Amino acid sequence: MTTRKNERQRMMKYKILAPLLVLLLLLTGCYSFDSDDLYALPQRSPEYRALQSAVESALGSGSYSAPVSGANRQAVQQVDLDGDGQEETLVFCKMEGERPLRVLILRKLGEEYSLACTLEGEGTAFDSVQYAQIDGQPGQEILLSRRIGQQVQQFLSVYTLNGDSAAELMSSGYTAYTVSDLDGDQRTDIFVLRANADGLRAYAELYRFREEELTKDAEASLSTGADSVKRILTGDIAPGTPAVFVASAYDDSNLITDVFTLTEDVFTNITQNDESGQSAQTVRNYYVYSTDIDNDSVIELPNTLPLPPIQGDAASEGQYRIIWYNLSPDGSRTEKLSTYHNFAEGWFLYLPETWCQNLCVTKHRADSGLPGTELSLLEANGSRRTLVTIYTITGDQAMEQSRQEGRFLLTQRGEVCYAATLGEAAGLDAEQLQARFSFISLDLLPGGE
């Protein structure tokens with residue numbers, strides 16, 4: 001019986017594959033072939049061979065030198081720089097001489113490629129390259145950064161392609177930079193951070209394209225004491241008001257966030273106190289970054305509040321509630337919501353307001369020995385009323401264990417199950433808890449750069 005079944009399955013496969021094979025042969029114009037052809041490598045197109053020949057000719061004795069960071073890390077990239085619908089080819093390479101870093105820009109003319117122009121610069125390597133609409137004309141400009149040396153800040157240059165030549169719109173040393181349309185004119189602005197000559201103070205500069213030039217606005221300083229920049233984020237501080245959020249290390253164990261925007265067309269650090277020179281209200285002793293935590297298209301800033309420890313319970317120490325708030329352009333703040341983040345296990349909870357007073361967090365072990373994280377309300381007499389216990393379960397029996405001992409499944413991610421039990425003080429059901437449970441995204445992870 002099994003033999004007949006297998007034979008029928010083989011016959012069905014032949015009936016399906018035979019017409020497909022005939023169709024394939026007809027489409028390719030092949031009615032006969034040698035069996036060796038089945039193993040031949042595919043032939044590259046004439047266009048590819050022409051581009052390869054032009055690149056090799058322009059490169060000469062040089063070597064490829066791809067950017068080492070950023071989204072565009074290929075040694076050969078293709079971008080429509082002048083907006084004519086035809087992509088230019090950019091070759092990043094290194095050659096001999098005082099200005100060894102070169103970008104060769106090739107254009108396609110008919111069926112052939114030719115070298116249009118070359119960008120030359122000093123440095124040891126290309127740090128990054130990106131393309132953005134700067135001058136309001138068709139096409140994109142080149143934002144090219146180079147590493148000058150081990151102890152020297154990096155160098156940013158912006159180029160625009162004009163026919164068979166490239167014009168430099170700006171150049172500046174920097175420690176970090178990003179792009180954003182802060183003035184809402186549909187052209188990309190360039191936000192540059194750089195250290196003062198003595199290295200003790202950092203400044204922000206905004207470059208905007210006005211009156212046919214990429215010009216620098218007045219400088220705005222970072223907070224006094226801000227050290228290495230950890231993260232730069234762009235987004236709206238209020239609906240329709242874009243800003244740049246700069247998180248920096250502060251006093252070894254803290255973070256401080258400076259927020260830059262255009263206020264009445266003046267480039268300003270809206271969080272900085274004029275007397276102290278600091279953004280004191282944004283200092284926090286926990287490495288968590290600004291983000292749009294509630295998905296309302298406005299960036300929230302975090303404020304960390306230590307949770308009360310449970311006497312004699314070391315696991316309850318060093319826990320925090322995070323209060324998220326919006327800053328208005330005048331620097332005032334509006335609290336939005338609170339969360340508890342379990343960074344070790346990669347999840348967080350949006351906290352109901354009724355949970356925020358006297359919240360404490362500790363470790364819990366189920367009857368089966370399964371470890372969990374318990375959120376409770378701490379009473380004045382030291383007793384606790386359990387709100388919820390959340391378990392991160394792995395292994396072959398994860399799904400089965402997530403439904404034992406009163407637990408219910410919150411969600412599953414890959415082979416990991418997240419389960420919970422609700423306490424008598426929770427005040428919500430399983431479906432409501434599921435809606436408040438979320439995973440920590442990369443832009444919220446603490447301590448990273």
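Select tyrosine 391 and then alanine 419: the alanine, in E27, is the bridge partner of the tyrosine. Next take isoleucine 390, whose bridge partner in E27 is alanine 420. The model on screen is a predicted one.

With a relative accessibility of 1%, cysteine 417 counts as buried, because the cut-off for buried is under 20%.

Now go to the other partner of the hairpin. Select strand E24 (residues 371-378) together with strand E25 (residues 384-393); these pair in the antiparallel sense, over six bridges. Leucine 377 is found opposite arginine 385 of E25. Five residues lie between the strands of this hairpin, and glycine 382 there has a positive phi near 95°.

Which residues have the most contacts inside the largest nonpolar core? Select Leu349, Trp355, Leu375 and Leu433; the core has 23 residues. Elements giving two or more residues to this core are strand E22 (347-350), helix H3 (353-356), strand E23 (359-365), E24, E25, strand E26 (408-413) and E27. E25 supplies the largest share, three residues.

Centre on tryptophan 355. Setting aside residues up to four places away in sequence, tryptophan 355 touches Leu349, Leu375, Leu377, Leu387, Val388, Ala425, Ala426, Leu428 and Leu433. Leu377, one of these, is the residue already seen opposite arginine 385.

Another core lies apart from this one; it has 17 residues, including Leu222, Val246, Tyr250 and Phe267.

Select E15 and strand E16 (residues 241-250): they run antiparallel and are joined by nine bridges. Alanine 238 stands opposite threonine 241 in E16.

Then select serine 65, in the loop between strand E1 (63-64) and strand E2 (76-79). Is serine 65 buried or exposed? Its relative accessible area is 12%; serine 65 is therefore buried, the limit being under 20%. Beyond its neighbours within four places in sequence, serine 65 contacts Phe92, Cys93, Lys94, Leu101 and Phe126.

Cysteine 93 has a relative accessible area of 0% and is buried. How many disulfides does the structure hold? There are zero.

Finish by colouring the model by pLDDT. The protein averages 86, and 84% of the residues score at least 70. Over residues 1-38 the pLDDT is below 50, and this stretch has four contacts in the model beyond near neighbours in sequence.

Terms used: Residues are numbered from 1 along each chain as its sequence is written. This is a predicted model: local features need pLDDT of at least 70, side-chain atom pairs count only at pLDDT 80 or more; totals for chains, interfaces and linings use all residues. Side-chain values use heavy atoms; hydrogens and water are left out. pLDDT is the predictor's confidence in each residue, from 0 to 100. Contact means heavy atoms within 4.5 Å. Helices (H or I, at least four residues) and strands (E, at least two) are DSSP runs, numbered from the N terminus. Buried means under 20% relative accessible area, exposed over 50%, partly exposed in between (1.4 Å probe, protein chains only). Two strands pair if DSSP finds at least two bridges between them. A nonpolar core is a set of buried Ala, Val, Leu, Ile, Met, Phe, Trp, Tyr and Cys residues joined through side-chain atoms within 4.5 Å. A disulfide is a pair of cysteine sulfur atoms within 2.5 Å.
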